[in-house]
Number of protein chains: 2
Amino acid sequence: MTRPVTAPPLSVSDDVIAPALRRLSALSSLEAADLALLHAAMEVSQTHPPRHNFLTLGRPIAAPLLLLQGWAARVRILPDGRRQFMSFYLPGDVIGATHQAMPIASATVIAMTETIVCPAPAAPAGSGLAQAYAVAEALDEAYLLGHVVQLGRLNAQERISDFLLEIYERLSLAGLTVGGSFEMPLTQEMLADALGLTPVHVNRMIQQARRDGELMWKSGRVLLRDPERTARTIGRQSPQVTTQRVGASG
Amino acid sequence: MTRPVTAPPLSVSDDVIAPALRRLSALSSLEAADLALLHAAMEVSQTHPPRHNFLTLGRPIAAPLLLLQGWAARVRILPDGRRQFMSFYLPGDVIGATHQAMPIASATVIAMTETIVCPAPAAPAGSGLAQAYAVAEALDEAYLLGHVVQLGRLNAQERISDFLLEIYERLSLAGLTVGGSFEMPLTQEMLADALGLTPVHVNRMIQQARRDGELMWKSGRVLLRDPERTARTIGRQSPQVTTQRVGASG
DNA sequence: CGTCCTATTGAAGCTTCTCAACGACAGTGG
DNA sequence: CCACTGTCGTTGAGAAGCTTCAATAGGACG
């Protein structure tokens, strides 16, 4: 899996940083200066184990982080132990975006897998990177709205399909899909806590989807047989990614 | 209800603008200049009937509006007619906040009641008003996260209590509660579409809450008997309003 | 007084949950 | 090398929560 690192010695290999770079580039065209900022930031990347807390509800917000590898999630635990994942961060996502107005975190952010993060470099006003951050933040909100609809008005089968389609769509932007398949590091229990279901019911619905020939799911890898047909069936509408430049650009 | 308007002739009465002013002041202390901006903006307020579309999913975002009176909501309609309200806007809330990065609306915003809105005046950087907007936007996200938890992990009874507590809390900031009671213009059907339930079940749960002495609800007005006890029972945690000034303030 | 919308109630059914048990698998220590 | 342990996926049976369909009642309005 490791490839000889060329040119300047990086603290992380090219393989690690590539997905995040692809993802950010997909949101807005990055300039040479942006790439330089990103490469510099990635020099000080850090690895965190699963369950590591990046942010804690009610605690001060740390500097924003750029997720390079692995998954993280916003989570809320109720006093009686019920758990709800509110959104997931995938490679290329920014954790703890610059909500300067709200100095305390509105949610706990936890690593779902082993993760590699680096500081999210401050973007010069009007730069492609600033635009990428802004679009990323807007997309974040759009997916959150989608999650509300999913929980409120989709049944178990539809929620699973919708979730997998969303992940597929987002991982595609980072180039992390291979022939329509992608890595799914979540256990069925985590999935249940994201979809507002029980692990048992998630399991049954997955198996039904398997029997229906809708998907394959084995050892942490998912293959959607016909994403477009599935999306049409459940009436899924993806957030529109807009790369149109707006505001005071250089 | 109408009181003689004093001093400069306004297009709306003081009664109309007071709640929004109270609400914004509660988020950040407004300066004289901010108040002048707001008063000027309110000169051109407009009244819209129920069902009026302020924003339409996928259409360009119009100038941000300040909601003075009435309720609005972000809504998504599925192809088969299922409907989900994702969040509500109450007096003092900003509709279509300045997501410059995403020039197209990520949701449709519709008037739930007759509403009065005015343009949201642009806030000078570092002003109290800018801070109020920013906090409002952060709160908006916090409530949205709360909605996800509500839909994912609360049962019908808890969802209704949680929803009413949230509305009570938010209306309090605008001074729109009287002795623990407040106006609830939503029909049970609308409530069902916000809580991911059917109108019939919402009705049953409300009546159970009535029998349990938890609330009174008659002719569009709700009285919560013991909000704090209810909040404790369902483990509700309110977003923290932070008025702490951050960033480049004048 | 008729119409429409909203609230209310009953009965039956379906989706999802709960409880419980078992199998597959990886890691660990003897 | 093999029990031991823990996690995760799988399955069954019964119960609970919520929905669906249908019908009635109450109010607002023309």
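**View 1. Polar contacts and salt bridges join chain A and chain B**. Across the interface of chain A and chain B in this predicted model, 14 residue pairs are in polar contact, both residues being at pLDDT 80 or more. A polar contact here is a pair of N or O atoms within 3.5 Å; within protein, one must be able to donate a hydrogen and the other to accept it, and residues adjacent in sequence count only if both atoms are side-chain atoms. Six salt bridges are counted between the two chains, each a side-chain nitrogen of Lys or Arg within 4 Å of a carboxyl oxygen of Asp or Glu. Look for B:Arg82 and A:Glu158, whose side chains form a salt bridge at 3.0 Å, N to O.

**View 2. The side of chain A that touches chain B draws on strands and helices**. β4 (72–77), β5 (83–89), α3 (128–153) and α5 (188–195) of chain A each provide at least two of its residues. Helices (H or I, at least four residues) and strands (E, at least two) are DSSP runs, numbered from the N terminus. The largest share, 17 residues, comes from α3(A). By type, this side of chain A has 25 nonpolar, 15 polar and nine charged residues. Ala, Val, Leu, Ile, Met, Phe, Trp, Tyr, Cys and Pro count as nonpolar, Asp, Glu, Lys and Arg as charged, and the others, Gly among them, as polar.

**View 3. Chain A and chain B bury about 4200 Å² between them**. Carbon and sulfur atoms give 64% of that area, which is the accessible area (1.4 Å probe) that two parts lose on being put together, summed over both. In contact (heavy atoms within 4.5 Å) are 49 residues of chain A and 49 residues of chain B.

**View 4. DNA strand C is surrounded by 15 residues**. The closest are A:Thr198, B:Gln188, B:Asn203, B:Arg204 and B:Gln207; a residue is near the strand if one of its heavy atoms lies within 4 Å of it. α6(B) gives the most to this surface, with five residues. The surface divides into four nonpolar, eight polar and three charged residues.

**View 5. Residues of chain A meet phosphate oxygens of DNA strand C**. An N or O atom in the side chain of A:Thr198 is 3.0 Å from a phosphate oxygen, and one in the side chain of A:His201 is 3.2 Å from a phosphate oxygen. At A:Ala156, a backbone N or O atom lies 3.0 Å from a phosphate oxygen.

**Notes.** Residues are numbered from 1 along each chain as its sequence is written, with chains lettered from A and ligands numbered from 1 in the order in which they are written. Local features need pLDDT of at least 70 and side-chain atom pairs count only at pLDDT 80 or more, while totals for chains, interfaces and linings use all residues; side-chain values use heavy atoms, leaving out hydrogens and water.
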